[in-house]
Amino acid sequence: MMDLRILLPALLLVFGLATVFAQSSAPDKACEAKNGTSCEECLKNVTCLWCITTKTCMTYPVRTILPPHALCPLNDARWGLCWMNFQILIITLAVVGGVIIIAFLVCLFCCCKCENFGSTRFEAKMERQANKMKTKQEERRTEMKQRHDEIRKKYGLSGQNPYSRFA
């Protein structure tokens with residue numbers, strides 16, 4: 001089951017990259033054909049990028065992940081949604097990613113700290129119980145010795161053991 005969880009995302013990544021490279025190797029002029037239209041019309045095709053300053057529709061440069069500044073500034077580039085520029089997208093993803101990483105580290109720290117705290121508390125409790133049991137055992141042992149000594153005294157056996165000379 002674990003192999004399938006690793007294999008499935010890896011296969012999706014490989015197929016996705018193959019699709020991207022196949023699209024980038026065969027340049028499609030569908031985006032450039034929409035140059036005189038609006039942003040919404042251009043972005044109906046997911047491979048297109050709209051530049052607000054030049055009002056041009058162009059094929060997204062997949063090899064450079066982010067569009068180069070010479071092609072279109074990040075603040076004016078639109079892809080997917082006309083109202084969100086790349087600068088806002090990058091900042092938002094960085095903040096969300098940072099928050100997720102910090103939350104994960106805090107959870108990891110809390111879980112490890114609480115687990116260690118719980119085990120030390122449990123060990124301390126067990127040690128207290130063991131000490132209490134030892135103390136009770138010693139008390140019982142001294143009581144039994146006192147009782148045996150009283151019985152020996154009562155029957156006159158408190159002196160030297162008469163069988164010790166046979167040993």
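1. Helices here are DSSP runs of at least four residues marked H or I, numbered from the N terminus. By that numbering, helix H3 covers residues 86–154. Keep H3 in mind when reading the points below. The model is a predicted one.

2. Start with the overall layout. The protein has 3 helices and 4 strands. Read from the N terminus, the order of elements is α-α-β-β-β-β-α. Of the 167 residues in the protein, 13% are buried.

3. Ile101, Phe104, Leu105 and Leu108 make it, and its area is about 410 Å². Leu108 is a residue of helix H3. Is Leu108 buried or partly exposed? Its relative accessibility is 42%, so Leu108 counts as partly exposed. The cut-offs behind that label are under 20% for buried and over 50% for exposed.

4. Now the second largest pocket. It holds about 150 Å³ of space. Which residues line it? They are Tyr60, Val62, Ile65, Leu66, Trp79, Phe86, Leu89 and Ile90. The lining divides into 8 nonpolar residues, with no polar and no charged ones. Helix H3 gives the largest share of this lining, 3 residues.

5. Turn to the charged pairs. How many salt bridges are there? The count comes to 3 salt bridges. Each is taken in turn below.

6. Lys44 pairs with Glu41. The closest N and O atoms of this salt bridge are 3.4 Å apart. The two partners fall into separate accessibility classes. Lys44 has 62% relative accessibility and so counts as exposed. Glu41, at 31%, counts as partly exposed.

7. Glu138 pairs with Arg141. Their closest N and O atoms are 3.2 Å apart. Why are Glu138 and Arg141 separated by about one helical turn? Because they are 3 residues apart in helix H3. Glu138 is partly exposed, at 43% relative accessibility. Arg141 is partly exposed too, with a relative accessible area of 49%.

8. Asp149 pairs with Arg152. In this salt bridge the closest N and O atoms are 3.2 Å apart. Asp149 and Arg152 are 3 residues apart in helix H3, so about one helical turn separates them. Asp149 counts as partly exposed, its relative accessibility being 37%. Arg152 counts as partly exposed at 39%.

9. Thr59 sits in strand E2, which covers residues 56–59. At 28% relative accessibility, Thr59 counts as partly exposed. How far from Cys48 is Thr59 in sequence and in space? The two are 11 residues apart in sequence, while their C-alpha atoms are 4.6 Å apart in space.

10. For a first look at the model, follow helix H3. Then move to strand E2 and find Thr59, with Cys48 at 4.6 Å, C-alpha to C-alpha.

Key. Residues are numbered from 1 along each chain as its sequence is written. This is a predicted model: local features need pLDDT of at least 70, side-chain atom pairs count only at pLDDT 80 or more; totals for chains, interfaces and linings use all residues. Side-chain values use heavy atoms; hydrogens and water are left out. Patches are made of residues with over 30% relative accessible area and no salt bridge: like charges are joined within 9 Å, nonpolar side chains (Val, Leu, Ile, Met, Phe, Trp, Tyr) within 5 Å. Accessible areas come from the Shrake-Rupley method with a 1.4 Å probe; for residues, only the protein chains shown count as cover. A salt bridge is a side-chain nitrogen of Lys or Arg within 4 Å of a carboxyl oxygen of Asp or Glu. Helices (H or I, at least four residues) and strands (E, at least two) are DSSP runs, numbered from the N terminus. Buried means under 20% relative accessible area, exposed over 50%, partly exposed in between (1.4 Å probe, protein chains only). On a 1 Å grid over the protein atoms alone, a cavity is a set of points where a 1.4 Å probe fits but cannot get out, and a pocket is an open set with protein on both sides within 12 Å along at least five of seven lines; lining residues have an atom within 4 Å of a point. Grid points are joined across faces, edges and corners, and a volume is the space filled by probe spheres set on the points. Ala, Val, Leu, Ile, Met, Phe, Trp, Tyr, Cys and Pro count as nonpolar, Asp, Glu, Lys and Arg as charged, and the others, Gly among them, as polar.
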